[in-house]
Amino acid sequence: MSEVQELFVISITTRDRVGIIHEVTKAISELGGNIADIRQSILCGYFTMILLASFPKGTTQRSVERKLAEADSNSESVIEAMVRKVDDASLITSTSMPETAYVLTATGHDRIGFVATMTSFCVKNNINIIDLSTTISDGAYVMILVIDLNHITSISDMRRDLQTFSQENGIKTVLQHYDIFKAVNEISLPIR
C-alpha cells in the first residue's frame, strides 16, 4: 500500500438481503481500497452501512461511485451509495473510544419527541454523541448513547443536572464510564 492515500466516506442503503456487504466490499477491494472503519445496521428491513476507506493516490470520487454503480447493476436489489472525499485526513485521528467516553442509557414511555428531548440535554451540556441506538423493550423506549464528556467541566455537576433533567422529563437514565459498561456487558467467547 502506498503512503499517500485518497480517503472516502461511503454510505450504503438497500433493502436487507444476503450478500450486500460482500458486494460492496468486493467493489472497494477491486479499486485497491482498504477499509479503516465500518458500521452496519438493519433498520425496519433496510440495510444501512457507513464506512471509511483509503484508496491509492489518484482514485477519484467519481471512480468510486462508478464502481459501486457497477455493483448495483449486478445486484438483485438497488444499492444506493453516497461517496464523499475526506479533504482533511487529520480529522481522522483514531477509531478507538476516547478516555472520556461514557454510556448513557435513557428509558421511558414511547412518545413523540423522546429522542429530541434526550438529545437536548446533550446539546445544552456540550456533550458529543459518538454512537446512538434505540429499541422498544417491554413497551418502553430505550436509547443507548455513547457520549464524549471531553468538553464538560465537571462530571459530578453533569450527573446532578442529568438527574434533574430525568425527573422533569419522566426519563430514567443511567450513566456509566464506557470501560465499565463494556466490561459488564461484554460476552466472552471461548477461545479454541
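Which elements do the buried residues of H3 pack against? They pack against E5, E6, E7, H4 and strand E8 (172-177). This is a predicted model, in which local features need pLDDT of at least 70, side-chain atom pairs count only at pLDDT 80 or more, and totals for chains, interfaces and linings use all residues. Residues are numbered from 1 along each chain as its sequence is written, and side-chain values use heavy atoms, with hydrogens and water left out.

**Helix H3**
- Phe-114, Met-118, Thr-119, Phe-121 and Cys-122 of H3 are buried (under 20% relative accessible area; exposed is over 50%, partly exposed in between, with a 1.4 Å probe and protein chains only).
- These residues cover an arc of only 140° around the axis, so they sit on the same side of H3; the arc is that of the directions from the helix axis to the C-beta atoms.
- The face turned away from the buried side carries exposed Val-123 and Lys-124.
- Just after H3, Asn-126 has a positive phi of about 55°.
- Helices (H or I, at least four residues) and strands (E, at least two) are DSSP runs, numbered from the N terminus.

**Helix H1**
- Ile-20, Val-24, Ala-27 and Ile-28 are the buried residues of H1 (residues 20-30).
- Down the axis of H1, they fall within an arc of 100°, so they line one face of the helix.
- Their packing partners are strand E1 (5-15), strand E2 (34-43), strand E3 (46-56) and helix H2 (61-73); contact means heavy atoms within 4.5 Å.

**Nonpolar cores**
- The largest nonpolar core has 19 residues (a core is a set of buried Ala, Val, Leu, Ile, Met, Phe, Trp, Tyr and Cys residues joined through side-chain atoms within 4.5 Å).
- Met-118, Ile-127, Ile-147 and Met-158 have the most contacts inside this core.
- Strand E5 (101-109), helix H3 (114-124), strand E7 (140-148) and helix H4 (155-169) each give it two or more residues.
- A second, separate core of 17 residues includes Ile-28, Ala-53, Ile-79 and Val-83.

**Second largest pocket**
- About 380 Å³ of space lies in this pocket.
- E2, E3 and strand E6 (128-137) each supply at least two lining residues.
- E2 gives the largest share, five residues.
- A pocket is an open set of points on a 1 Å grid over the protein atoms alone, where a 1.4 Å probe fits, with protein on both sides within 12 Å along at least five of seven lines; lining residues have an atom within 4 Å of a point.
- Grid points are joined across faces, edges and corners, and the volume is the space filled by probe spheres set on them.
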